[in-house]
Amino acid sequence: CNIIGSSVYIPLYAATFRVSFPIASQTSSYPNLCFGLGTILLIPMYMKFGRRPTMLFSQLLYAFGTLGCAVANDYNSFLACRIIVALGSSVCEALPVQCVNDIYFLHERGKRISYYTVALCLGGIGALPAGYMLNAAPHNHKLFFYVHFAFAMALFIATFFLVPETMYKRKVRMSPPSSVASDEALHEKHAHVAAQAVDTSHVNTANVELSGPAVQPARHSYVSTLKPWSGVDPDIQFFGMILRSFSYFFVPQVLWVITSFGIYIGCAALAFNYTFPILIVQPPYLWTQSSAGLLAIAFIIGYGLSIPFANSSDRLAARLTVKNNGIREAEMRLGVMLPAMLVGPAGLVVYGMVAQKQLHWVGLFAGVAMLDWSALFYFTFTLAYAMDAYNANMSEMLIAMNIGKNAISFGLGFSLLEWIMEKGYATIIAGAFAGVLLINNLMLFVFMWKGKSIRVYLSKTWLAKMHGSRAVRGEVA
């Protein structure tokens, strides 16, 4: 909401700080980049020091960065505070997904990730109240950030009292010696479905126990869950995790998540939020600047219509698993993405052509809604697919994902307004951006056809051995 929702103020920023529209748009472009870069530190932090303390720290950073935006009086200090806001809020790019992995089983994750994605994407509706705040404070963007600071502190308080630590060090339960042979035979029988080899020789023996009657750990009291610290995990290599995360750029499933998020955000979300506030106040539309936030209605329609499909990939995968004699393959969830593969690029074509030919504003809303409907499928199910396919070190994978996707969206959105002013809406949005998105979406066929072969091949490479040697116990599904 804070990163993209305030883009409705781009014309106001330009007038207030006496800069051009492209320079004013950088108050969203640079924060968008830092939104991903912040995970380089925050993800190792929540693995080393716990989910809860990292979440509380990042929310305080986010809240006071927002307050800084409200009191800043020049462009440079305002941009610096916007970057602080992005660094603090970047935890929401990874930590909710980590918590889903901590709490839910394999067959439940697709639905929960869908809910998370909808909540994350609906942050764009912040443009709606942001626009109408101009009526209460004409020619002043500060009211938006004061209100946002109040909500940020309310969120911090709610998190403190309602969100416990989800990191849990599970003991590895091993069979007695008499059953080792049968276990090895079973492992050989199902080896063909393994995506990678995981070496557990590094696991601390304190976390290993022989199988037997399960011991139920004592339940923590509510008061004990309120402590803002969670201890330090000595097994986590803070800087090693950062360095190893870059190796996930060589994993095709992870790279597809990166390009899907990056292109949908850069070619679509930023394109809409940058261009609509400028386009809609000009002839033939002549809307007021405070009405520019009404584009959020299209976001609500698009994402709202996609919510009924939130658990569609889980249902499809469960059905195909039954037909496959109970053996689950990561690619089984991908079939539900086929309609979205074409609807998204079509939405960009609709928006670009309507903007170029200055047709009825309903066409602009229709293009945005189509794109957002498609985006939820690609945001949710590519991520769930990568988690299913290659999850020995999900935290390191999330670092690579967030760095990559925000770098791509930053590159696509940085000079967006200059490109459009030079080439036009049809050429850039309906032509170039729609084409790039279509190429990315067509990769769906590649992974449906050869996804398993890619996983089997990678399981025999140095890459899998390196990831497996540092596998985090409890993250492997």
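Biologist: Where is the kink in helix 12 centred?
Modeller: On Ile265, where helix 12 bends by about 35°. Keep in mind that this is a predicted model.

Biologist: How many residues does helix 12 have, and how far does it reach?
Modeller: Helix 12 covers residues 252-279, so to speak 28 residues. From first C-alpha to last it reaches 38 Å, close to the 40 Å expected at 1.5 Å a residue.

Biologist: And why is helix 12 largely enclosed by the rest of the structure?
Modeller: Because 24 of its 28 residues are buried.

Biologist: Switching to aromatics. How many aromatic pairs does the structure hold?
Modeller: It holds 31. One of them is Trp256 with Tyr378: the ring centres are 6.1 Å apart and the planes sit at 85°, so that pair is edge-to-face.

Biologist: Which helices do Trp256 and Tyr378 lie in?
Modeller: Trp256 is in helix 12 and Tyr378 in helix 16 (residues 361-389), so the pair ties together parts 122 residues apart in sequence.

Biologist: Are Trp256 and Tyr378 buried or exposed?
Modeller: Both Trp256 and Tyr378 are buried.

Biologist: What lies over the face of Phe160?
Modeller: Arg52 does, at 5.0 Å from the ring centre. Lys450 likewise lies over the face of Trp449, at 4.9 Å from the ring centre.

Biologist: Last one, zooming out: what does the secondary structure come to?
Modeller: The protein chain has 20 helices and two strands. Of its 477 residues, 53% are buried.

Key:
Residues numbered from 1 in each chain as written. Predicted model: local features only at pLDDT ≥ 70, side-chain atom pairs only at ≥ 80, totals over all residues. Heavy atoms only, no water. Helix = DSSP H or I, 4+ residues; strand = E, 2+ residues; numbered from the N terminus. Expected span 1.5 Å × (residues − 1). Bend = angle between axes of the 7 residues up to and from the residue. Buried < 20%, exposed > 50% of the residue type's maximum accessible area, 1.4 Å probe, protein only. Phe/Tyr/Trp six-rings, centres within 6.5 Å; stacked < 30°, edge-to-face > 60°. Lys NZ or Arg CZ within 6 Å of the ring centre and 35° of its normal.
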